[in-house]
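Dear colleague,

I am handing over the structure that we spoke about, and below it you will find my notes on what came out of it. Please look through the model first and then read on.

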Amino acid sequence: SKLMPRAKRRQSDHTPNKSQDDSAESSSTFAAALSSYEDAVLSKQNDTLLKLDSWYRGDFPLALTARKPAFATKEELADVVRWKLSRGKWRPRLQQLAESNSADDVRKATETAFAALPDVKAAITALGSLKGVGPATATAVLSAFSENVPFMSDEAMIAVGMPVPLQYTVSSCLAYIDRLRLKMSQLRAEDKATWTERAFERALWAEAVLQAPPKAARKRSKR
């Protein structure tokens, strides 16, 4: 007699209509978040980020795809790292390391990485030969070139359920991409929207940033 209530609970927990309603609601939420991406950037109150984000989403991808074969320059790598750090946590040492790479090394590594896609692991490994370029920075470079690679932002990693404290290894990066693609495919099945990994990460990031309390409120809460 004790088994009956358990069976009923399992059925109610996995009712198809409930799952579909939740997915549909989430889909509209993320679509709204993506449309608010620029507002999220503005909310960071960082002039460097504002300028670099426009370049990162506009001129930079166009420049990469115009080159045959595609590659990034030393200056572009430095700007990608500056964009990444401005969007998240500023780490001066990482910026210095990235800028210490030679122009030739950056060209060779990025050319190899872009050519390796869609094998993300191989592409990240190629970029890992550069100083100051770990998996997260590698995805920032790759995402500018391919809309099928999401940037490994802390906000997106947490949103797709990656374990905390977050790990920044190649295996964690691949697990994050798998989780993001699964979540993205579920939303696509609900509303038939065309999501790319790059766009979905931006929606997750924007949602997290816009929901975060203002800087002043965060400072007060730490006291």
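Is R87 buried or exposed, and what is its relative accessible area? R87 is buried, with a relative accessible area of 2%, where buried means under 20%, exposed means over 50% and partly exposed lies in between, computed with a 1.4 Å probe on protein chains only.

Before going further, please keep in mind that this is a predicted model, in which local features need pLDDT of at least 70 and side-chain atom pairs count only at pLDDT 80 or more, while totals for chains, interfaces and linings use all residues. Residues are numbered from 1 along each chain as its sequence is written, and side-chain values use heavy atoms, with hydrogens and water left out.

The helix around R87

R87 is found in helix 6, which covers residues 74-87; helices here are DSSP runs of H or I with at least four residues, numbered from the N terminus. Helix 6 has 14 residues and reaches 20 Å from its first C-alpha to its last, close to the 20 Å expected, the expected span being 1.5 Å times one less than the number of residues. Helix 6 is mostly covered, since 10 of its 14 residues are buried, and among them are L77, V80, W83 and R87.

Leaving aside neighbours within four places in sequence, R87 is in contact (heavy atoms within 4.5 Å) with Y37, K44, L49, F151, S153, E201, R202 and W205.

Salt bridges

Side chains of opposite charge can pair when their charged atoms come close. With a salt bridge taken as a side-chain nitrogen of Lys or Arg within 4 Å of a carboxyl oxygen of Asp or Glu, the count comes to nine salt bridges.

One of these joins R87 to E201, with the closest N and O atoms 3.0 Å apart. Because R87 lies in helix 6 and E201 in helix 13 (residues 197-211), this pair ties together parts that are 114 residues apart in sequence. Like R87, E201 is buried.

R57 counts as partly exposed at 31% relative accessibility, whereas D53 counts as buried at 2%.

The cavity

A cavity is a set of points on a 1 Å grid over the protein atoms alone where a 1.4 Å probe fits but cannot get out, and its lining residues have an atom within 4 Å of a point. Grid points are joined across faces, edges and corners, and the volume is the space filled by probe spheres set on the points.

There is one cavity of 30 Å³ or more, and the largest cavity holds about 40 Å³ of space. Its lining consists of Y37, Y56, W83, R87, S143, F151, R198, E201 and R202. Helix 6 and helix 13 are the elements that give two or more residues to this lining, and the largest share, three residues, comes from helix 13.

With best wishes

Definitions and conventions
1 Å grid on protein atoms, 1.4 Å probe; cavity = no way out; pocket = protein on both sides within 12 Å on 5 of 7 lines; lining within 4 Å.
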